[in-house]
Amino acid sequence: MSRALDERRAAFQRYKEDVKERGKPFYPYAMFHDTVMSLVVVSVIIGLAVIWKYTAGEDPNKPGWLGPLYAEPADPGTTNFVPRPDWYFYFLFYLLRIFKWPNTVILGTVGIPTVCLVLLLALPFLDVRRERRLLRRPVAIVAAILTVLSMGVLTYKGATAKESLGSETLAAVPTWAKRQGFENNKQALAGAKLFATAGCEQCHTYLGTGSSNLGAPDLSAIGKGQQAAFFSQYVSNPRKFGNPVMPIYGETFDKTQLDQLGAFLAASKGPH
Amino acid sequence: MEPAHGDDKPHLPPPSLWPVGFAIGVACILVGLIVRPLVIVPIGAAIAIVFAFLWARDATRDYRTVSVPEVEPERRPPRRRARAIPAHRGEAGMPEPEPGEIERFPRSIFLEGATLGFGALIGGLVTIPVLGPAIAEAFVRGKKHEFDLGPITNFPVGKYVITTFFTDPSEGTVSRRTAYIRNNGDSPKGPSFTIISNRCAHLGCPVQPNGPVFDNQKKTTHSRSAGDVTIIPALPAGFGCPCHGGQYDKEGNRTAGPPVRGLDRYEYLIRDGHLVLLKPFSVWKVNGTGANAKIQKYPLTNPGDHVHGIESWLYPWQPPR
Amino acid sequence: MPRNRKSARRQRMEQAIVYPLDWLEERSGLIGGIRYFLFRKVPADTNWMQTLGSATLTAFIVQAVTGVILAMFYKPDPNSAYQSIQHITNDVTLGWLVRGMHRWGASVFIILMFFHMARVFLFGAYKYPRELNWIIGVLLLVLGMLEGFTGYLLPWDQTAYWATVVGINLNGTAPFLGPFLAQFLRGGAEIGPDTISRFYSLHMLLLPGAIIGLIGLHLYLVVRLGVSSPPWSKEAAGADRVEPEPTPGRRGLLQPGARGGIPR
């Protein structure tokens, strides 16, 4: 152990001698680089602020290139808002969506972040080799690549994670009607509106909206080769058709509403 | 006239206290002029003149008599003639005692102990005011929980309504809360309600009703304890959380996703035909529906904390609410 | 000879500049310190990647300055916070610029911290004798992200409120003391007016104070321990100089030791 320490001390001594012989003064050689970089940083910050102001509007629904200037004022009693953290926390946010099972929640909230932080703090004590050349540090390179990749992927997935918000999906119904061709089908239109607000899209995807959960299939073309009555009965009691997960909508919706849903699903034969 | 003791050195007057008296006299003059009564001014002038005379007499003594040095001369022999060096050369800081110079005898140990002890005492005294507002205040029991939500006739039987109210109307929007309320009709114990909180049991996000919401049928009432109460009918087949995909059924039981237990509920009572909300509590599972529901209750628990099973051993204490 | 003679006027000018500096130096030693910082030697092969640290410091200074200005107009109360931000953006002269710089400067600050950390990792500049500096750097990263978390609540709009609800409840899931930590952060059983004041105090006073202190320590260590060379550089300062082992029984073209060792 002390031999390693002696080697390290000797290496540092050599470092100091090398710098003394061949080094250059910090000012102006290195400080010039620092100043240029700082100028770039300040320009980028000012540029972003200017772009934000001039492309965004006052209206929270008109985001511009960099997001709206304001969201709605805080409302602790809201029922239609999708919370998201700031972008640099997206990787933690998506980690929470990965750990879907209640018993594993604590892993995603405190387990993994704590372990990563401890590893980061303890790094100089885990890697005690003197070697600094990259090609001779395979563990370091692999760890760095894995970390960058996973944080990048988690951040990207967190950014693109979508949740269906009843009010937003409702606005998509006319587009669906056009693409699927049921604009003139009053039953199907009413069924589409029910489908949009009843939370079906929290498990089903449809024409590019919604999210896929618990194995629920995409419903964009589900109507091919089926009748409306089949769908009405399925939605009314999925258990009869061997589906153990889907809620039993017959307990909530009446026959008219179930028929409307059936008509909508039967009309969804895939976009033409 | 030259001072008697030498004429190549600048004249340094001997030390004396007369200038103090002179200054007091001048101060009296100024005080008298500004603060009044004016009678103080001549008194101050007299003091100033007397002390000025005494001061001048003292300062010019050397010119009048042979001066006796008033100050004790330095007895140490002069050091070797060294060039004066600027303050920052040589030892940069003030001289420290040599290791052997600090003799450890009982008085020094007492002083050390007293210094450290008083320091610890000061640290403690400063910490207590910090602990009070910063930490203890957060755990003081909250205010009364009683919110009058209006007559029970506003709540249609067998249907859910989205009810928003204020837990402290004087605080404004920050105290706005939402509950999903269903009137279950009459039961042997009186009118029965299912009152579910809209905070998800996973991490507290606002849970949405999975069903159409009939905004055009909104009703509003007002009460002193709950502020403006709005009641909006809805037709949820269940509840879903937009943050991480948690799903609940119509009794608030978790059916899918990361929530660790069912949705919280509120206690309630009926007073004069009005529905009054009381304290919230946490729920593990609900068996049965509506008025016949058997609710497995727990004290109000932080979202994300298990209440049942082995994992609940990780959360033995909840702060007072 | 003529070059050594400066005109008397020029000499007087130089004296005028040098005199106050010497006055300060004799009474504090500060000028010597600044001179040492500016003119100390660094390896000749320092890379552009090694400017990320000072870039991060610049971003932090931008945050501090714009933050002070915003604090002159911001009101940390749930009923007036949102309006005060609207006032800053719409009414105050160039208020929109200061607010925008502070908001985007936060993201730039965090990105630069991660880039700087990655650069230090790749250069192996966390090894002896710079381990303490790495630990201080990780602490700075944590404090910086906490700054982002506490600052996010202050505009008091929907995104701010709900992101903070989730963040605080995340802390509440820690075993045993989690619920108490969450209640401490919230300042009560539910998010209320005390929460925004608490976060404001943390964001403006406690966290920046800690960050500034640690940055000072971080920079002191950098100056004291020196800047490392890029590890791939041919003239890396401090690199080992290895004498090649003489291969037994092989003489001829290769004469070991002929050049007195091959400098690395």
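## Basis of the description

This is a predicted model, in which local features need pLDDT of at least 70 and side-chain atom pairs count only at pLDDT 80 or more, whereas totals for chains, interfaces and linings use all residues. Residues are numbered from 1 along each chain as its sequence is written, while chains are lettered from A and ligands numbered from 1 in the order in which they are written.

## Strands of chain B

Helices (H or I, at least four residues) and strands (E, at least two) are DSSP runs numbered from the N terminus, and two strands pair if DSSP finds at least two bridges between them.

Strand E9 (residues 247-248) of chain B pairs with E10(B) over 2 bridges in the antiparallel sense, and Gln247(B) stands opposite Ala256(B) in E10(B).

## Domains of chains A and B

Domain bounds come from an automatic or database domain assignment, which for chain B gives domain 1 (18-64) and domain 2 (147-314). The C-alpha centres of domain 1 of chain B and domain 2 of chain B are 84 Å apart.

Chain A is divided into domain 1 (1-71), domain 2 (79-161) and domain 3 (166-267). For domain 1 of chain A and domain 2 of chain A, the centres taken over C-alpha atoms are separated by 22 Å.

Helix H10 (residues 255-267) of chain A has 13 residues, and the 18 Å from its first C-alpha to its last is close to the 18 Å expected at 1.5 Å a residue, where the expected span is 1.5 Å times one less than the number of residues. A residue is buried if 20 or more other C-beta atoms lie within 10 Å of its own, exposed if 12 or fewer, and partly exposed in between, with C-beta atoms placed from the backbone. By this criterion H10(A) is mostly covered, with 10 of its 13 residues buried, among them Leu258(A), Leu261(A), Phe264(A) and Leu265(A). The cover over the buried residues of H10(A) includes helix H7 (173-180), helix H8 (186-197) and helix H9 (228-236) of chain A.

## Chain C and its helix H6

Chain C has 9 helices and 1 strand, which run α-α-β-α-α-α-α-α-α-α from the N terminus on. Of its 264 residues, 41% count as buried.

The 23 residues of H6(C) should span 33 Å at 1.5 Å a residue, and the end C-alpha atoms of H6(C) are 34 Å apart, which agrees. Its buried residues include Trp134(C), Leu140(C), Glu147(C) and Phe149(C). The buried residues of H6(C) pack against helix H4 (105-126) of chain A, together with H5, H7 and helix H9 (193-225) of chain C.

## Where the chains meet

Two residues are in contact if their C-beta atoms, placed from the backbone, lie within 7 Å. In these terms, 60 residues of chain C are in contact with 58 residues of chain A. The largest share of the side of chain C that touches chain A, 12 residues, is supplied by H5(C), and by class this side has 37 nonpolar, 17 polar and 6 charged residues; Ala, Val, Leu, Ile, Met, Phe, Trp, Tyr, Cys and Pro count as nonpolar, Asp, Glu, Lys and Arg as charged, and the others, Gly among them, as polar. Strand E1 (residues 24-25) of chain A and E1(C) run antiparallel and are joined by 2 bridges, with Pro25(A) opposite Lys41(C).

Between chains B and C, 26 residues of chain B are in contact with 27 residues of chain C, and the side of chain B that touches chain C has 14 nonpolar, 9 polar and 3 charged residues. Asp305(B), found in the segment after strand E13 (294-298) of chain B, is buried, with 26 other C-beta atoms within 10 Å. Leaving aside neighbours within four places in sequence, Asp305(B) is in contact with Tyr315(B), Gly172(C), Thr173(C) and Pro179(C).
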